[in-house]
Amino acid sequence: MASGLDLPCVRISQANSPDLVSVSQYYSGELVAYVRKVLQIIPESMFGLLDQVIKLQTFKMRELPTRLEKDKLREYAQLEDRYEVARLTHAISVFTEGILMMKTTLVGIIKVDPKQLLEDGIRKELVMKVAIALHEGLVFRVRTPQELTQRLGGLAATMDGFRRSFEYIQDYVNIYGLKIWQEEVSRIINYNVEQECNSFLRQKIYDWQSVYQSTAIPIPCFPPVDESVNFIGRLARDMIRMTDSRVTSYIEQMAAWYDNKTRTEVVNFRLFGQLERGLGTFGLRGLDRFFCFMIVRELQRFVRTLHRACVTDRAMAQQIASIEAALGPVNAIPPNGVKVYQHALQKMVRLLSPYVDTVMRVWFCALVCVGVGRCERRVS
């Protein structure tokens with residue numbers, strides 16, 4: 001394959017051109033990309049078998065308790081299922097055995113490590129599988145608390161199956177499974193948070209500018225299904241919609257939101273435990289960052305509204321000045337304070353309405369950040 005470089009480089013070499021190195025680098029990169037594409041069939045075949053291992057370990061195989069009665073030993077042995085897992089694991093190791101026996105070689109002027117190619121291929125396939133699971137698992141149709149709980153539970157089971165199975169096969173394919181899992185999941189979460197937060201930024205970070213995106217191991221981009229860019233925005237906005245201050249009330253002693261009409265519990269702080277199981281600590285930090293951006297946007301929007309009402313609108317500025325004069329001096333109680341406040345509320349209702357909405361939205365985002373902090377401290 002390296003001989004494919006001879007034809008485009010022969011004349012450049014004969015002419016002693018300084019462009020020989022750059023041209024060789026380009027064609028060597030193209031050859032390496034072609035090798036990656038050909039060898040990607042091995043990780044794809046591996047993950048096809050790994051999907052079956054995930055289903056067996058998630059839905060059929062039971063965890064062995066620390067203490068077990070002798071009569072139930074055969075029941076927990078699950079010999080047929082364990083034999084099937086062993087057969088699939090052997091098939092996965094056979095796929096990787098050949099490429100792991102290869103030695104480091106030069107493709108053009110680029111040194112290629114077969115083990116690194118295999119690891120990159122496994123990372124690429126893992127990123128694709130996890131990204132699809134996050135995208136499809138967090139699409140809300142009915143938009144009810146029950147649907148959110150069900151979606152997070154299904155996502156947690158899927159992600160746990162991926163992680164357990166990936167850790168299970170790591171010794172058979174000679175990779176650091178848990179390390180790869182944490183690195184790639186954190187990269188997927190951070191990339192999606194970054195892209196979702198672009199709506200709050202003037203200078204946006206595009207896909208090709210992201211530090212989390214990679215040419216060899218790309219993170220897939222899916223078309224949006226609603227006003228959000230990806231699953232992070234869908235999850236955050238569904239949480240905001242369920243806890244809307246116009247239809248729910250937060251009871252601090254119960255650490256839960258209750259419906260104003262039915263007086264039933266809508267959602268509570270146990271939601272953050274479900275988020276941690278589904279998205280991990282990386283997902284919690286991503287939501288925390290997203291809600292911090294929302295707090296900044298809400299405050300900036302209110303400041304603009306306040307500036308426009310108090311500075312640009314002369315009538316409102318005169319009303320504020322008259323209220324300030326009626327309540328003065330500041331070191332004494334105003335004689336007609338109740339009437340002054342009632343009159344002020346009537347005159348400034350147009351300004352107070354967006355103020356209340358902003359306070360409630362910022363307050364909810366701050367509560368989410370508190371819940372994320374509690375959950376992270378519990379996990380750590």
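Student: What volume does the largest pocket have?

Tutor: In this predicted model, the largest pocket has a volume of about 360 Å³.

Student: Which residues are closest to its centre?

Tutor: The lining of the largest pocket has 16 residues, and the closest to the centre are R163, W181, E276, R277 and G280.

Student: And which helices supply at least two residues of that lining?

Tutor: Helix 7 (145-173), helix 8 and helix 10 each do.

Student: Which helix gives the most?

Tutor: Helix 10, which puts 7 residues into the lining of the largest pocket.

Student: How does the lining split by class?

Tutor: You'll find 8 nonpolar residues there, along with 4 polar and 4 charged ones.

Student: Okay, new topic: aromatic rings. How many aromatic pairs are in the whole structure?

Tutor: A search turns up 11 aromatic pairs. One of them is F200 with F293, a stacked pair with 5.9 Å centre to centre and 15° between the planes.

Student: Where do F200 and F293 sit in the chain?

Tutor: This pair links distant parts of the chain, 93 residues apart. F200 belongs to the loop between helix 8 (177-196) and helix 9 (231-242), while F293 is in helix 10 (residues 270-312).

Student: Is F200 buried or exposed?

Tutor: F200 is buried, because its relative accessible area is 16%, under the 20% cut-off. F293 comes out as partly exposed, since its value is 21%.

Student: What about W257 and F269, how are their rings arranged?

Tutor: Their centres are 6.2 Å apart and their planes meet at 15°, so the pair counts as stacked. It also links distant parts of the chain: W257 is in strand 4 and F269 is in the loop between strand 5 and helix 10, 12 residues apart.

Student: Are W257 and F269 buried or exposed?

Tutor: Both W257 and F269 are buried.

Student: Which residues do the ring pairs link into a cluster?

Tutor: The cluster holds F200, Y250, W257, F269, F272, F290, F291, F293, W363 and F364.

Student: Let's look at the strands then. What stands opposite W257?

Tutor: Y250 stands opposite W257 in strand 4, and in strand 5 the bridge partner of W257 is V267.

Student: How many bridges does strand 4 make with strand 3?

Tutor: Strand 3 (residues 248-251) and strand 4 pair in the antiparallel sense over 4 bridges. Strand 4 (residues 256-259) is also joined to strand 5 (residues 265-268), again antiparallel, by 3 bridges.

Student: What's in the turns of those hairpins?

Tutor: Between strand 3 and strand 4 there are 4 residues, and A255 in the turn has a positive phi of about 55°. The hairpin of strand 4 and strand 5 has 5 residues between the strands, with R263 taking a positive phi near 60°.

Student: Last one: where is S93?

Tutor: S93 is in helix 5 (residues 79-100).

Student: Why does S93 count as buried?

Tutor: Because its relative accessibility is 17%, and buried means under 20%.

Student: What does its side chain reach at 2.7 Å?

Tutor: The side chain of S93 reaches the backbone oxygen of H90 at that distance of 2.7 Å.

Note on methods: Residues numbered from 1 in each chain as written. Predicted model: local features only at pLDDT ≥ 70, side-chain atom pairs only at ≥ 80, totals over all residues. Heavy atoms only, no water. Buried < 20%, exposed > 50% of the residue type's maximum accessible area, 1.4 Å probe, protein only. Polar contact = N/O pair within 3.5 Å; in protein donor to acceptor, adjacent residues only side chain to side chain. Pairing = 2+ DSSP bridges. Phe/Tyr/Trp six-rings, centres within 6.5 Å; stacked < 30°, edge-to-face > 60°. 1 Å grid on protein atoms, 1.4 Å probe; cavity = no way out; pocket = protein on both sides within 12 Å on 5 of 7 lines; lining within 4 Å. Points joined across faces, edges and corners; volume = space filled by probe spheres on them. Nonpolar A, V, L, I, M, F, W, Y, C, P; charged D, E, K, R; others polar.
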